[in-house]
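Reader: I am new to this structure. Please take me through the words used to describe it.

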Amino acid sequence: MKQKKGYYLIIVIYLLLFSQFTFSQKQIKGVVKDTSGVPIMGANIIEKGTTNGIITDFNGVFSIEVQENATLEISYIGYVSLEISVTDKTLLQITLEEGVTLDDIVIVGSRAVLRSNTTSALPVDILSAKDLVNTGQLTFDKALQYKIPSFNTVQTPVNDATSLLDPYEIRNMGPSRTLVLINGKRKNLSALLYTQTSPGRGETGADISGIPVDAIKRIEILRDGASAQYGSDAIAGVINIILKDDYKNGSSTLRTGITGEGDGEMFGFSINNGSTLGKENGFINYTIDLSKVNLANRPGTVDAAGEYSDFYDGSHSQPITLQEVQNFLSRKPDAGNINGSPETATAKFLVNGQYSTSETTDMYFNAAYVYKKVNSFANYRTPYWRRQVDFNYLSDFFPTEGTPNNYDGYLPTFEGDLNDYNATIGFKSIKDGWKYDVSFTTGGNSQNYTVSNSHNRSDILDGNGDFLYQDKSPITFKPGGTSFSHNVGNIDISKPLKDNLAIGLGAEFRSETFEILPGDLASYDGQGADSFAGNRPENSGKFNRYNFGGYLDVAWDITNDFLVNGTIRTENYSDFGNAFVWKLSSRYKFIDDKVTLRASISTGFRAPTLHQTYTQKSQYSFVPGSGIQSAGLFNNTSPQTRLLGIEQLKPEESTNFTIGIGAKPTKKLNITIDYYSITVKDRIVLGAEIGHTQSGTTPLDLFLDNNDVYNLSFFSNAIDTRTSGLDFVVSYKRINIGEGKLNVNLSGNYTLENKRIGTVKNPKIVEDAGQSVINDTQEALFFTSRPKTKWIIGGAYKIGKFNFNLNNTYFGKTTFKQTGLDSNLRTEFIPKIVTDLGINFEASKEITLSLNINNILNVLPEWEFVAENSTGEAILSDPTQVKAQSNLITFNQRYSQMTYDGYHFSQLGTMFNFSLNYKF
């Protein structure tokens, strides 16, 4: 019934389009230029107090119909905004001066009409390309980490497939619930599904780290649910990446850097330039970015007693001795482990363009390709873990001269090859006041893996009774990989029906394909490649679905101060059926537009990704107290999960509420504070690993034995959650200090609530075994593994040819409950402040030199145990027990800096980055 009501409402509003609205208007024409006389393409022209607006064309020219006594608002990123009365004018020559704050930039606040940031009914962060570059961070996602308090990302402790893409999220909601757009069009998802026990577990998201910063004009981050406007995934918010459209001001940049420890060396080169198309009827802007980052290693000093406890097997004919462990660790105190930041080589190519085919029609296009090569490592296989006495060929495979038996263990490598592409072509046209935007977008991401310096130790026999592997095993394997692609068609139409009423409507068709690529036989046969087993053919395949959606958006300025915006959307998916969502937002301005109240309420949905629906594999995972064991991930369409009685996945449903206030007492000071609450029903999670029961006789135990896995996990709509918090932003611009000007910003995010509501929805077979798919470890990863609060205070001072940027980021407490940790304890990462310094020197009009020292005080993540009760306090008073607990969660101190589950900011310490920019 809800679905039919949505269709009826769309039909009714469509019929309203045939109504005629008349009012006295006149046509205003003009051109917008900078102080050098260069036309500004893409400047925003809005009739003040209405929904009527347009942008300038390639030559800075515009034409707009307005009321007789109208006032025009003209704005463009990087320039001071203007207001011009057109009571007695019809032709305008407009000049914009540089030096604007981003508060006045016009953004897409609804699908019906352009809005400025200060008049939007929704909370939006806007960052310029300069803001991103000034962070000194190497990639786009890490730059956002140090500019947006509600945005979090960090490298995962275990660098196998996850080294290709670090999980990120807005408002602690996971990467799957943030939608990424490029020039307003949906970016394809990554092929990677995070399955490690770390933040982002069970999620997937778009690869934003591959977007070259030099290609970006600005970033718009909508901190509100937007499923009604954009469809699935936009539960926590939307990141819209606007590409450069400048064809005259090209530049090249040479970058180099190193960590304070003398590793992680970086070298990069990029070029951004442009050109006109045809007889100055269009433009093309292109970016090439090439970079190489070397390995940065931060291993811990391994504890011999913990190793002996984990790897001692009393049933073995020749069990290991503590002396054997100690002898090895005297040679390799870090047990040969390499963990930190992997070696990465990246090539990024991007092009953005537009061509005017007529006075009323523009063709636009953009395309990008990213190649990334990552070399990382598994945990070192010590000689008491993979023993010569068990596999007498190991000294031949992995010889180490001068050690017992000429064998000292081995270090499997993991190599990942990532290819990511996206492209859009479309047409924008205006006819009879209607604005049409028709586009086609395609994109994809593929990841292929290689494991080297390893072996298959399975005891499978061939037809002659000889081992098929072991001493005949290859040492290099191709475990397969994954790929994802989509094709998206969009039609968006909008029109100001009256001076205070605008309508937008549109439709979208999307086809998605996910493929699991099988590995070579030796990579999966038996136990498979040691460290990273390949995809088995029966777990591989190509999977597809499609969906069709439509939306209707109405924006009504009831008065010049009071705005109401409503959106409805309906979608139909080929694999799970229909969804209907809506959104209502409002804004009220008073005290001469110096104070704005805004609020929104909406429903949303997130369809299960194809990755979550079809991924099935076995992998090696660290089990506290037992070392590395084989675990099975079973998908919800497999015969195994049917036997377990696990239901197929269904969409998440959400309810978002936001209310906020913004104040702009002066042109220099801007203050906003927003409260948000997000409730998610039937949240899709990758549950905890379910193992054997104590009795060993339940149907669950039988299932584990029959599938030869130590434990199993699967996806399910297991929980309902609620997340609420506050976002706070204060900016004070252009403060005169001496001969220079200072800009100061303070922004913060504080999580009030982030928790499960209601009981866990366990399958019966799991419930009957006395277990749960959600345990303390999972709850911590979902709700407390990101900072409870995060604040950023920074200042930028420009004097003469120098620019100084000082940024302080406060990372609040994060809490973990690692697998194996005593239930009477929890792990807390202590709040820390990371300070970054940037210095820019404009040596000439063409050359700018920049030095960034990130984490200048070399602040490192630091954690501690906290007692939950008196029993926990007793444990903490006993150094022996504390050491045992610490060994459990760090793999005997291999991951002593950040534990095996994660941490809240980079463990690499101080980083020095230098760049030279040359303007053409």
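Author: Start with contact: two residues are in contact when heavy atoms lie within 4.5 Å. By that rule, serine 850 is in contact with Ile839, Asn840, Asn913, Phe914 and Ser915, leaving aside its neighbours within four places in sequence. Keep in mind that this is a predicted model.

Reader: Where is serine 850, and what makes it buried or exposed?

Author: Serine 850 sits in strand β44 (residues 847-854). Its relative accessibility is 12%. Buried means under 20%, so serine 850 counts as buried.

Reader: What makes the pairing of serine 850 and asparagine 840 a polar contact?

Author: The cut-off is 3.5 Å between N or O atoms, with one able to donate a hydrogen and the other to accept it. The side chains of serine 850 and asparagine 840 are joined at 2.8 Å. That value is within the cut-off, so the term polar contact applies.

Reader: Which residues make the contact between α5 and α6?

Author: From α5 come Ala304, Ala305, Glu307 and Tyr308. From α6 come Leu322, Val325, Gln326 and Leu329. They divide into six nonpolar, one polar and one charged.

Reader: What makes α13 largely enclosed?

Author: Six of the eight residues of α13 are buried, so the helix is largely enclosed by the rest of the structure. The buried residues are Thr777, Gln778, Ala780, Leu781, Phe782 and Phe783. Their cover includes β35 (669-686), β37 (715-737), β38 (740-757) and β41 (814-816).

Reader: How do you know that threonine 777 is buried?

Author: Threonine 777 belongs to helix α13 (residues 776-783). Its relative accessible area is 7%. The limit is under 20%, so threonine 777 is buried.

Reader: What does threonine 777 touch, and which backbone atoms lie by its side chain?

Author: Not counting residues up to four places away in sequence, threonine 777 touches Thr197, Lys817, Gln818, Thr819 and Asp901. Thr197 is 580 residues away along the chain, yet the two C-alpha atoms are separated by 8.4 Å. The backbone oxygen of lysine 817 lies 2.5 Å from a polar atom of the threonine 777 side chain. The backbone nitrogen of threonine 819 lies 3.2 Å from a polar atom of that side chain. At the start of α13, a side-chain oxygen of asparagine 775 also comes to within 3.0 Å of the backbone nitrogen of threonine 777.

Reader: How do you know whether glutamate 220 is buried or exposed?

Author: Glutamate 220 lies in strand β15 (residues 216-222). Its relative accessible area is 6%. That is under 20%, so glutamate 220 is buried. Its side chain makes a polar contact of 2.9 Å with the side chain of arginine 218.

Reader: Why is asparagine 183 called partly exposed?

Author: Its relative accessibility is 26%. Buried needs under 20%, and exposed needs over 50%. The value falls in between, so asparagine 183 is partly exposed. It is found in the loop between β13 (178-182) and β14 (185-186).

Reader: What makes the phi of asparagine 183 worth a remark?

Author: Most residues other than glycine have a negative phi. Asparagine 183 is not a glycine, and its phi is positive, about 50°. Asparagine 892 also has a positive phi, near 60°. That residue lies in the loop between α15 (879-890) and β46 (911-919). Asparagine 892 has a relative accessible area of 2%, so it is buried.

Reader: What can you say about aspartate 207, and why does it count as buried?

Author: Aspartate 207 is in the loop between β14 and β15. Its relative accessibility is 2%, under the 20% limit, so aspartate 207 counts as buried. Its contacts beyond four places in sequence include Leu165, Lys187 and Lys372. A polar contact of 2.6 Å joins its side chain to that of serine 209. The side chain of aspartate 207 also reaches the backbone nitrogen of glycine 210 at 3.4 Å.

Note on methods
Residues are numbered from 1 along each chain as its sequence is written. This is a predicted model: local features need pLDDT of at least 70, side-chain atom pairs count only at pLDDT 80 or more; totals for chains, interfaces and linings use all residues. Side-chain values use heavy atoms; hydrogens and water are left out. Helices (H or I, at least four residues) and strands (E, at least two) are DSSP runs, numbered from the N terminus. Ala, Val, Leu, Ile, Met, Phe, Trp, Tyr, Cys and Pro count as nonpolar, Asp, Glu, Lys and Arg as charged, and the others, Gly among them, as polar. Buried means under 20% relative accessible area, exposed over 50%, partly exposed in between (1.4 Å probe, protein chains only).
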